[in-house]
Amino acid sequence: MASSSTVRLAIIGTGGMGAAHLRAYQASEKARVIAACDVDPESLARVAEQFNIPATYRDYRELLEREDLDAVDIVTPNNSHAEVSLAAIRRGLHVLCEKPLAMNRHEAREMVSAARRAGVIAAVNFTYRNVPAARYIREIIQSGEIGEPLHLIITYSQGWLVDPASPRVWRLTKEMSGTGVLGDLGSHLIDLARWWIGDISAVLGHLKTFVTERPLPGTGRLAPVDVDDAASFLAEFTNGATGVFFCTRYAFARANTQRAEIYGTRGGLVYDNERPNEIQFAIGSFMASARQYCTLPVPASIQASKTTTMQQFVDDIVRGTCTTATFEDGLASQEVIDAVVESAQTGGWVRLPLA
Ligand SMILES: NC(=O)c1ccc[n+]([C@@H]2O[C@H](COP(=O)([O-])OP(=O)(O)OC[C@H]3O[C@@H](n4cnc5c(N)ncnc54)[C@H](O)[C@@H]3O)[C@@H](O)[C@H]2O)c1
């Protein structure tokens, strides 16, 4: 197991997000990435050299035969999250897995049960919990200052698919991704919403695909897109609040824009991930009658404690704490995703939990 101060990790999946995870581990004194795995030898070699990782594997099963690992970090496409997580948990390893946790709730439920039985730390990288403004909003809601939450309007806009030449990557296939933007960006929104307001009890969803064929990378041959490009849903929370969720990959000139408005019985809050160190707020009768929202800097203490899920995961292993989003949170997000898919198919409200 981890010595009191060092966690020996392997990264599985060395693509765009894998490299981001490795940069985060570089910033942690307690993390030692001792192995990397990827089915793509070029990506594997490049990342191993860049991050000075001593051992590389093309097959995660060979990697998991090592006796000297404490934890793995799974940053592969969504269709391998469950298989690799379950194999690592069987080996008694702590697991950090990327979002969405799985392809569907059935896989996610199995992952939660396995992690509980094994007693390992099982974390999910819901990145946006670490935005200082998101943390401040949670603190304010929990303090009761805005009263009972009534409404959440939350959106996540990317624009990379507006370009018709944008290739048919794995994210645009049901086989590898499960859903489209709903699981990719919507999973983050659902997690933020649950973290701020509480659990969701019912949804009414709509999914839209604008372009159904795109050129494959390399060959340029057209291949089908069979997942949602844009996802919207109404939600009811178990505490009675209502929510409006929207995410898209077709938002012109948007790279990665999230916004949320939260209205309670005594106050309102506005979150914007592109302004991570401030929020807007109106609290109390004076601001209500002035019809004013004011900008408020996130307190220095929250800004100074900015961290990453990777750093928290390593600290949790060393300290035996649990500060990240967990597999339970990943499952809860997945249950809502599945309910939205079902609702979009049937055209009616779907209540949670699903069978
Ligand atoms: N938390 C976030 O903000 C965030 C942001 C981007 C991506 N992600 C998630 O990270 C994951 C990876 O996304 P990405 O953008 O890095 O994708 P990517 O395509 O850039 O990288 C995925 C890598 O996994 C490798 N791979 C595929 N199958 C494998 C297997 N069975 N074993 C080992 N390696 C395998 C691929 O060769 C590739 O190098 C996805 O689940 C995605 O949803 C999360």
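**Entry 1: a pair of residues to start from**

I began with Ser-157, which stands opposite Thr-248 in β12. Before going on, I noted that this is a predicted model. I then looked up the strands involved: β7 covers residues 149–157 and β12 covers residues 242–248. They run parallel, and seven bridges join them.

Strands of a sheet pair through backbone hydrogen bonds, either parallel or antiparallel.

**Entry 2: the other neighbour of β7**

Next I checked how β7 pairs with β13. These two run antiparallel, with eight bridges between them. One pair I picked out was Thr-155, which stands opposite Arg-259 in β13.

I moved along to β14, residues 267–272, which pairs with β13 in the antiparallel sense over five bridges. Here Ala-260 stands opposite Tyr-271 in β14. How many residues lie between β13 and β14 in their hairpin? I found two.

I also looked at the two faces of β13. Gln-258, Ala-260, Ile-262 and Gly-264 make up the covered face. Thr-257, Arg-259, Glu-261 and Tyr-263 make up the uncovered one.

**Entry 3: the whole sheet**

Then I traced the sheet from end to end. It is an open sheet of nine strands, and the order I wrote down is β16-β15-β14-β13-β7-β12-β11-β8-β18. The pairing is mixed.

Which strands stand at the edges? They are β16 (294–297) and β18 (350–351). Each has a single partner strand, so one side of each is left without a neighbour in the sheet.

**Entry 4: helices across the sheet**

I looked for helices lying on these strands. Helix α8, residues 181–196, lies across β7, β8, β11, β12 and β13. I noted its angle to β12 as about 150°.

Helix α12, residues 327–346, lies across β8, β11 and β18. Its angle to β8 is about 55°.

**Entry 5: Pro-149**

Back to β7, where I looked up Pro-149, a residue of that strand. Is it buried or exposed? I have Pro-149 down as buried, because 22 other C-beta atoms lie within 10 Å and the cut-off for buried is 20 or more.

Its contacts, leaving aside neighbours within four places in sequence, are Ile-141, Ile-197, Ala-241, Ile-262 and Gly-264.

**Entry 6: Cys-37**

Cys-37 counts as buried because it has 26 C-beta neighbours inside 10 Å.

Leaving aside neighbours within four places in sequence, Cys-37 is in contact with Ala-10, Ile-12, Tyr-57, Tyr-60 and Leu-63. For Cys-37 and Ile-12 I wrote down 25 residues apart in sequence and 4.7 Å apart in space, C-alpha to C-alpha.

**Entry 7: helix α11**

How many of the eleven residues of α11 (309–319) are buried? Eight are, so to speak: the helix is mostly covered. Among the buried ones I listed Met-310, Phe-313, Val-314 and Ile-317, and Asp-316 is on the list too.

What do they pack against? I found β1 (7–12), α1, β2 (31–37), β4 (71–74), β5 (94–97) and β6 (122–124). After α11 comes Gly-320, whose phi is positive, near 70°.

**Entry 8: around the ligand**

I turned to the shell around the ligand, which has 23 residues. Gly-13, Gly-15, Met-17, Asp-40 and Glu-98 come nearest. By type, I sorted the shell into seven nonpolar, eleven polar and five charged residues.

Which helix gives the largest share of the shell? That is α1, residues 16–26, with three residues.

**Entry 9: stepping back**

Last, I looked at the protein as a whole. I noted twelve helices and 18 strands. The C-alpha trace spans about 65 × 50 × 40 Å along its principal axes.

A compact globule of 355 residues would have a radius of gyration near 20 Å, and the 21 Å of this protein agrees with that. Of its 355 residues, 46% count as buried.

I also looked at contacts between residues at least 6 apart in sequence: 71% of them join residues at least 24 apart.

Technical notes. Residues numbered from 1 in each chain as written. Predicted model: local features only at pLDDT ≥ 70, side-chain atom pairs only at ≥ 80, totals over all residues. Helix = DSSP H or I, 4+ residues; strand = E, 2+ residues; numbered from the N terminus. Rg over C-alpha atoms; globule rule 2.2 N^0.38 Å. Buried ≥ 20, exposed ≤ 12 C-beta atoms within 10 Å, placed from the backbone. Contact = placed C-beta atoms within 7 Å. Near = placed C-beta within 6 Å. Nonpolar A, V, L, I, M, F, W, Y, C, P; charged D, E, K, R; others polar. Pairing = 2+ DSSP bridges. Axes fitted to C-alpha atoms, helices over the stretch in contact; angles between N-to-C directions.
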